[in-house]
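Hi,

Here is the structure I promised to pass on. Have a look at it first, and then read my notes below.

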Amino acid sequence: MVFNASLEINSAIATLKLSGELDAMTAPIFKAEVDKAASKKVKRLVLLMHDLEYMSSAGLRVLVFAKQKMGANVDIYVVGAQTTVLSTLEKTGFDQSVIILNEDNFVLEV
């Protein structure tokens with residue numbers, strides 16, 4: 001499946017919608033969008049992942065990069081991650097570095 005990443009920045013919140021398969025071939029696309037968000041000095045990065053079907057270690061490396069690049073004061077939200085993606089985050093312990101939310105209870109205020 002084709003990977004897609006679309007970024008929207010509204011005030012201090014960057015929302016990045018991810019879909020498809022995030023692997024070594026597509027991770028640079030994700031990284032480029034994270035770079036754009038970081039350059040805007042946002043306070044929150046929201047990753048909408050309900051359409052992301054797979055994330056390899058390359059995708060996880062970009063998440064680690066995002067956490068480092070954005071800084072400790074920027075919250076990263078993972079919203080609506082499918083079981084396989086959530087499992088990857090949990091097995092690596094990265095679920096402790098982000099805020100994981102279901103789509104059902106996701107309301108983010110500026």
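Ser 11 sits in the loop between β1 and β2 (helices, H or I of at least four residues, and strands, E of at least two, are DSSP runs numbered from the N terminus). This is a predicted model, in which local features need pLDDT of at least 70 and side-chain atom pairs count only at pLDDT 80 or more, while totals for chains, interfaces and linings use all residues. Residues are numbered from 1 along each chain as its sequence is written, and side-chain values use heavy atoms, with hydrogens and water left out.

Ser 11 is not a glycine, yet its phi is positive, at about 60°. Most residues other than glycine have a negative phi. With 56% relative accessibility, Ser 11 counts as exposed (exposed is over 50% relative accessible area, buried under 20%, and partly exposed in between, using a 1.4 Å probe and protein chains only). Lys 41, in the loop between α1 and β3, also has a positive phi, of about 55°, without being a glycine. Lys 41 is exposed too, its relative accessible area being 71%.

Which residues of α1 are buried? They are Ala 27, Phe 30, Glu 33, Val 34, Ala 37 and Ala 38. Because they cover an arc of only 140° around the axis, they lie on the same side of α1 (the arc is that of the directions from the helix axis to the C-beta atoms). An α-helix has 3.6 residues a turn, so residues three or four places apart point the same way. The buried residues of α1 pack against β1 (4-10), β2, β3 and α2.

Phe 30 is worth a look in this helix. Its relative accessibility is 0%, so Phe 30 counts as buried. Leaving aside neighbours within four places in sequence, Phe 30 is in contact (heavy atoms within 4.5 Å) with Phe 3, Leu 16, Leu 18, Leu 22, Leu 47, Gly 59, Val 62 and Leu 63.

Next comes α2, with 14 residues and a reach of 20 Å from its first C-alpha to its last, close to the 20 Å expected. Its buried residues include Leu 60, Val 62, Leu 63 and Met 70, and what covers the buried residues of α2 includes β2, α1, β3, β4 and α3. How do the two helices sit together? The axes of α1 and α2 come within 9 Å and cross at roughly 10° (axes are lines fitted to C-alpha atoms, for helices over the stretch in contact, with angles from 0 to 180 degrees between N-to-C directions). That makes α1 roughly parallel to α2, a label for angles under 35 degrees.

Finally, the core. A nonpolar core is a set of buried Ala, Val, Leu, Ile, Met, Phe, Trp, Tyr and Cys residues joined through side-chain atoms within 4.5 Å. The largest one has 31 residues, and among those touching the most other members are Leu 18, Phe 30, Met 49 and Leu 63. β2, α1, β3, α2, β4 and α3 each supply at least two residues of this core, and α2 gives the most, with six. Apart from it lies another core, of six residues, including Ile 13 and Leu 101.

Best wishes

Conventions:
Angles under 35 degrees count as roughly parallel, over 145 as roughly antiparallel, 65 to 115 as roughly perpendicular and the rest as oblique. The expected span of a helix is 1.5 Å times one less than its number of residues.
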